[in-house]
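Here's a quick tour of how the parts of this model meet. Have the structure open while you read.

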Amino acid sequence: MAEAMGFFTDTTVCIGCKACEVACKEWNQLPAENGGVRELSGDSYDNTRKLDGIHWRHVRFIEQFKGPYDGRWLMMSDVCKHCVQAGCLEVCPTGAIVRTQFDTVVIQSDVCNGCRACIAACPFGVIDINPVSGTAQKCTLCYDRLQVGLEPACSKACPTDSIQFGAIAELRTRAEKRVAQLKSQGVAAELYGADPGGPLGGLNSFYLLVDKPEVYGLPRHPELPTTNLAKSGGLSVASAAVLGLLAIVGLRKRRMDEQSRGGGGNV
Amino acid sequence: MGSNMAECHPVAFRWPMKAKLNGAKLVHVDPRFTRTSAVADLHVPIRAGSDIAFLGGLINYVINSKRWNTDPFFKEFAVNYTNAATIISDDFKDTEELEGVFSGLVKFSEPAFWPYNGLEGRYDNATWQYKRGPRPAPARVEITRTTAAAGAITKDLIAKRAGPPFDDLVRSLKLGPAEKDPTLQNPHCVFQILKRHFARYTPEMVEQVCGSPKEKFIKVAEMLLESSGRDRSSAFAYAVAWTQHIGRPGAGVMALRGHAAIQGSTDVPTLYHSIHGYMNAPSALRPHETLRDYMAAETTPTSYYGNTPKFLVSYLKSMYGAAATTENDFGYDWHPKILGDHSHIASFAAMADGKVKGMCCVGQNPATSLNGGATRQALRQLDWLVVKDNWLTETATHWYLGPEVKKGEVKIEDIKTEIFFFPSTQIAEYDGSFTNTQRMLQWHSYAAKAPGDCRTDSWFYHNLAKRLKKAYAGSKLSRDQGWNNVSWDFDPDAGEEPLYPGEISARKVLREINGYQTADPKQHLKGFAELKDDGSTTCASWIYCGCYPAWDQNLTARREPDPPGVPGAHLKWGWAWPANRRVMYNRASADLKGNPWSERKRWIWWDPTFVNPPDPKTGKPVPKGKWVGYDVPDFGATKAPDAQPKPDGIGLDALSGTQPFIMRADGRGWLFVPAGLVDGPLPTHYEPHESPIQNPLYKQQTSPVHKVWAPGKPYNKLAVVGDPKFPYVISTYRLTEHYLAGAMSRWLPWLAELQPELFIELGKGLAQEKGIKNLDWLVVSSPRGHIRAKALVTDRIGVMQIAGKRIHHVGMPWHWGWMGLSTGDVVNDLTAWVGDPNVSIHEGKAFVCNVEKA
């Protein structure tokens, strides 16, 4: 395997421009929801709201104010964490989800049967069905670009280098330096997912945060679904059966969807 | 300050963020807590329309600070590199003496032939001038040496049609030396005038006028002082020369332009009031009757602008080619002259009166522009309208989908306008150059061919010009001779394939802008120093001269960055005007002797040991010494720091080796502006036209020379001061997700979904008072109209204490209209035809409104 590659997202220089969201959609040819005709969400400047099958990047806006002009506005560009121990990969019944030579986690659309097991298994709520393809989709860390030596579209487009792409080992060093700098300025900065000894063996997309992970919608203790399975053998058998059933149902549903659309195939 | 750089210039904002990583401090002063505030070290709220009070407060604080008065650097810089020490005319009266106006205010009467200047008053700036000694003795003209007689020399030269060369004419314009007091004690010196002028701008007054808490204001002032000095610099949009921020790396005035290539559109202008390279457009209202009259009126003899005749004649040669000769004053009489204010709002005010019959609207969407109702009413008076855009914009559809038509106030059958729509190419579908905010030209090649009949804007104007030339051919009318003689040769040369049928050659246009030897257009000019005033050089825009120094050498296409670890002037990346300089006036980065003010901040410096080659023209030896460094020096390259002005010199010869501001008549940065600004020599706080309060600083409420177009007309109603019907201050602005009037973003699904609908941002306090909940539909009204928008309730905007009153501030992005995927009411239906007198920019950032639940 080549060196592990990934993202370091420094939220302190994110300006919430959403260039990452657009660059991602453009490169991966993902559609806008409802063709772009939508209603205002009312949730600060966030109108796409979440990561799913057609939003592989999402910028979160968090307004923390005590009164007029008195507070801060946090922004964070979120994405698949490309976990070292990836729940989605573990539960995928068809082997559609693979670990690449860059230590990233990719769903192969042509192998996915749309069973949704990975959706339930992801502790970050990253994955969802892309309604166009009918398969589970998420960030590929621009696997196609990486293979020809290009950096992912989002980090390439990020004007302030809030999203940094590179070798994980080097990114960790850079991130620790930045944390030290911020701490010396009195900012309570901490890294999320940078520790290889931490949850899920570390995240290949990790973050510099200035508040609790929950504030950014990140679980403090992300867990693999199999963590519980190991505790209970019986339950794990039952779970396996359910997953298998889900896989069959999913496969049937996908075929039916394709038939009702008059063919199909991946987009 | 007053800028939302992170949202409006996200790509350029890369650099403030890099600076932040290097330890820089970022302060954001704005009525809203925006995405810029989110990453700033300090956000200071300010009421829209009160920037000058805040900046005046900073000036007052800085010049009275211990730091400024004890660190010798500050005074050394101010005395030598600015006009702080210059004595102003005894007749000058400041706002301190005249209750808020300057001396020289006179009444303005609109001329009948073009009553669209929007002015009630104007300033005669005679009393704002420097106090001067007697005029220098003209060397070659024997005449009595008095001021009056010197004017007579100019008149005589004009009458005799002297020149080219025009050197004598330029020399005759020289004034006597300005009086100075380097101790800065003379009560009439600029420094003392300033000190008195800004004395009332105290932190307490800033708090009253701006609503900015005093503690926060003082913190900003202290931060500014901390990051100023020999070793430090700050980038600041105003008041720059006080803390010595001009002409030094990491410092200066960076105009944040509103559009990707808007810098280029003022350099090679689509502006009405200037011709290429910031020369004033010939005007029927100024002494511009003949070529020499224009030169006499427009040439500053003792700055680089002393070369204006060379710029002008080379420009005229580009306009009229072989038809421009010495005998016909290079075709000057064919050149159009302006009649007054033809800026955006003025033109629409005239259109509303039926004075403008037709309009080519190319890549612009005025139907959603300032005072939308009035603008659309103006559009309906046109005989014909051409809209050239990517989509059917609001301007193309106002006649059947505009709010007036939908409401039944206007009937389609009553609109006589014939409207033509031309589909347009996108930026990636043609070749050309961008000029960015750093004055840098970057060539781009097309990435894809446009579909169908989409054509470039240059295709449109190129083919229109060719047809117009044909239409005027053979006319004997003198007014048509401009068209008959204009030189128009932009078809691709044989062998060059046009991008689209009938398309222009973009390279040929840039070559024409760069300029060449008239006798051989293949011999390009290498820089504006080669320009001549006798017609032997042709150059459309002198400031761009050198970007294409040889027929096959397009420097704007270069993409070679500096390696890491060097200061990074990136001189081989694109090309920046003037002369590929990246920091203008960079002589100021060195001290009087030519040494860097600090090693950390070195940029260019004097190397006294440099061995110069002999002068290529005369073959004479050149003494040792040269300006060297990271950038192209913005100074005479071999002019020593101890060089003295030549008594008879014009242009740079009239300046010494310590006068860095070579485009100014005295080579110094102007803290006091004797000419060029029409609303006063010093910044002064006036209230916006529509304001909730009386001006706390002066009896004078608004600028006495600000513009109100179509005053008293029913379509430009204005609120009175403190109007109870419109109690809230409103600012309009942009979002990152959309672009201007929306033609490039509201039709694009990926952008439309990011900001799908119009909204109004209002504070929680106001929402509570009015029972408004997040996402409620609201009606927002001004004296011009009312619109609907959804509420976005937030603490990022809110209430302020202004002059003892509790005033709510609200804000609305203005990108929307009724076409496209993301739609909403036209926010500009609220704004007024009110503007500033210098550049006629509207007051849509600071006016008043009311907000009610729908």
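## Two domains in chain B

The centres of domain 1 of chain B and domain 2 of chain B, taken over C-alpha atoms, are 23 Å apart. Domain 1 covers 1-44 and domain 2 covers 707-853, with bounds from an automatic or database domain assignment. Where they touch, 8 residues of domain 1 meet 10 residues of domain 2; contact here means C-beta atoms, placed from the backbone, within 7 Å. On the domain 1 side, that's 4 nonpolar, 1 polar and 3 charged residues (nonpolar: Ala, Val, Leu, Ile, Met, Phe, Trp, Tyr, Cys and Pro; charged: Asp, Glu, Lys and Arg; polar: the others, Gly among them).

## About the model

Keep in mind that this is a predicted model, where local features need pLDDT of at least 70, side-chain atom pairs count only at pLDDT 80 or more, and totals for chains, interfaces and linings use all residues. Residues are numbered from 1 along each chain as its sequence is written, while chains are lettered from A and ligands numbered from 1 in the order in which they are written.

## Where chain A meets chain B

Chain A puts 32 residues into the contact and chain B puts in 38. On the chain A side, α1 (19-28), β2 (58-67) and β3 (70-78) each bring at least two residues, and α1(A) has the largest share, with 5 residues. Helices (H or I, at least four residues) and strands (E, at least two) are DSSP runs, numbered from the N terminus. By class, this side of chain A has 14 nonpolar, 9 polar and 9 charged residues.

Methods:
Two residues are in contact if their C-beta atoms, placed from the backbone, lie within 7 Å.
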